[in-house]
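Visitor: Please take a close look at the aromatic rings in this structure. I would like one connected account of how they are arranged.

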Amino acid sequence: MEFFCYHRDRPGSLPLREELGEEHWSYMDRYAAGLIARGPTFADDGETPSGSVHIVDLPDPAAARAFAHDEPNHQAGVYRDVLLRRWRNMLGRTMWDFPGGRTGSDRCLVLGLGPDRPADLPALPDDRDELIAFGPLLSDDGTAWLGTAVLLRAPDPETARAVLSPDRYADIEVHDWEFGGRR
């Protein structure tokens, strides 16, 4: 089962995040075989970390909760909250398979949070060349659509936001994001 995990940083937690860097990386190394995508998001200044994205294949929702909550930064209080949802890999690849490569400052996380009414799963956009990861956010049992998570290359936040149709979502968030993992 695939899961989308987005830890949002607590304001002022950068020194603690930096102190725990190796512990975080070592923890993630244990899950390397199941990682579909990973990497930090950034505040408006483009430099200060604001969160951490992990899309990972795990056996079940209990394993996903353990993954999210046992993470060293989460345990130490770096993160203020975590969004954890089942996810479906609509591209069938990992971020390492993205033909656009790992580098570039034009990468974004787009989160479309679902409306209060049931909706059909989102269709893949016609232009898929800039998509790094794309899939629906689902309930634990995988039956209810709750939103959509997209990692993509885009020249600006407005272009990134446009990958999701605004009439389908209660809210759409756009965050600067970059490829994560050991270099």
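Guide: Y27, Y31 and F67 form one aromatic cluster. Rings of Phe, Tyr and Trp (its six-membered ring) count as a pair if their centres lie within 6.5 Å; planes under 30 degrees apart are stacked, over 60 edge-to-face, and the rest tilted. This is a predicted model, in which local features need pLDDT of at least 70 and side-chain atom pairs count only at pLDDT 80 or more, while totals for chains, interfaces and linings use all residues. Residues are numbered from 1 along each chain as its sequence is written, and side-chain values use heavy atoms, with hydrogens and water left out.

There are five aromatic pairs in the structure. One of them joins W177 and F179: the ring centres are 5.2 Å apart and the planes stand at 45°, so this pair is tilted. W177 is buried, at 2% relative accessibility, and F179 is buried too, with a relative accessible area of 3%. Buried means under 20% relative accessible area, exposed over 50%, and partly exposed in between (1.4 Å probe, protein chains only). Of the 183 residues in the chain, 48% are buried.

Other rings have a charge over them, which requires NZ of Lys or CZ of Arg within 6 Å of the ring centre and within 35 degrees of the ring normal. R38 has its charged end over the ring of W25, 5.8 Å from the centre. Over the face of W145 lies R168, at 5.2 Å from the ring centre.
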